[in-house]
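Please look through the sequence and the model shown here, and then follow the explanation below step by step.

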Amino acid sequence: MRRLFPVTDETEIRSPGTEIHSPGTEIRGPATEIRNPGAEIRSPATRTRSPEGEAGREWSLDELAAAYAYPALGPGAGPGAPEVWLRANMVSTLDGAAQHDGRSQPISTATDMRIFGTLRALADVVVVGAETVRQEGYRPARARAEFAALREAAGQGPAPAIAVISASLDLDFSLPLYTSPLVPTLVLTGAAAAPDRIAAAEKAGARVVIAGDGVGVDPARAVRALAGLGHTRLLTEGGPRLLGQLVAAGVLDELCLTLSPMLTAGDAQRIAGGPSVAVPARFALASLLEEDGFLYSRYRRP
């Protein structure tokens, strides 16, 4: 794993000329001498080093947690600090597919899954659409000893809650996601949801949260409802329909996007679908990591 952005390399004053070396290419003075492909670039008066050491080194979970930390939230974080932060975590192939054969796993990698687990461990709640729950076979989030101290220091419980967004409540409430989670699963729906389905969800042990006046869920109201329950560090894992609704509603603060160096063709969904926005929302690059051709990016609203 190596960091491509932001550039955090050290600098030191050097004589005019540019050197690229170790293990590598060297360019010196007016003439040019090329040796091996290089990892260290020395431009006039500037030398850069990788603070993480060897590019191929696997980052620890603590390093990943620091790289993906939520911003400070709430009144104690200073003027203008957000009260709640909603980030999405998605994966896409080079040709825009968010899935292959209906699932994201085939276009992912082991490092992507480590980041996936880290993002979950940092969140208060994981927000996910009903169709993704069905397709991906969602189970309750588990407590992980590696993140226990970090979560305790942040005032969080042992694991994030799962919040399922569903208008119809066409869900299998006999699954462990509802009957035996470490933290009770939340089911967000609209006020017009069928009373018998609400009763079935509650009987299974889920907590039903009304976040819409009609059949469906209003994204902005869902964010407010979760924040009202004390969940201010929000993570959504999609799917594309839900992410599209969050984008259209203007409530997404951050997108963590893994770009997979794969081509799938076909007719797979892209990472966001559904309603469009009148003016495309512009996000700013916050960080970029790379490993084995996979790019792990973070974009935030300006």
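What percentage of the 302 residues of the protein count as buried? The share is 41%, where buried means under 20% relative accessible area, exposed means over 50%, and partly exposed lies in between, with a 1.4 Å probe and protein chains only. The model is a predicted one, in which local features need pLDDT of at least 70 and side-chain atom pairs count only at pLDDT 80 or more, while totals for chains, interfaces and linings use all residues. Residues are numbered from 1 along each chain as its sequence is written, and side-chain values use heavy atoms, with hydrogens and water left out.

The protein has 8 helices and 13 strands; these are DSSP runs numbered from the N terminus, helices being H or I with at least four residues and strands being E with at least two. Contact means heavy atoms within 4.5 Å, and among contacts between residues at least 6 apart in sequence, 67% join residues at least 24 apart.

We turn now to the interior. In soluble globular proteins, nonpolar side chains tend to be buried together. A nonpolar core is a set of buried Ala, Val, Leu, Ile, Met, Phe, Trp, Tyr and Cys residues joined through side-chain atoms within 4.5 Å. The largest such core has 41 residues, of which Y68, V164 and Y178 touch the most other members. Several elements each supply at least two residues of this core, including helix 2 (110–122), strand 7 (161–165) and helix 6 (195–204). Apart from this core lies another, of 27 residues, among them A88, V223, L242 and V251. Leaving aside neighbours within four places in sequence, Y68 is in contact with several residues, including R87, I115, C256 and R298.

Just after helix 6, G205 takes a positive phi of about 115°.

Charged side chains also join parts of the chain. A salt bridge is a side-chain nitrogen of Lys or Arg within 4 Å of a carboxyl oxygen of Asp or Glu, and by this rule the count comes to 11. One of them is formed by R87 and E254, with 3.0 Å from N to O. R87 lies in strand 5 (residues 85–93) and E254 in strand 11, so the pair ties together parts that are 167 residues apart in sequence. Another salt bridge joins D124 and R233, whose closest N and O atoms are 3.1 Å apart. D124 counts as buried because its relative accessibility is 9%, while R233, at 21%, counts as partly exposed.

Finally, we come to the outside. V279 is found in the loop between strand 11 (254–260) and strand 12 (284–291), and V279 counts as exposed because its relative accessibility is 63%. Although V279 and A248 are 31 residues apart in sequence, they are 9.9 Å apart in space, C-alpha to C-alpha.
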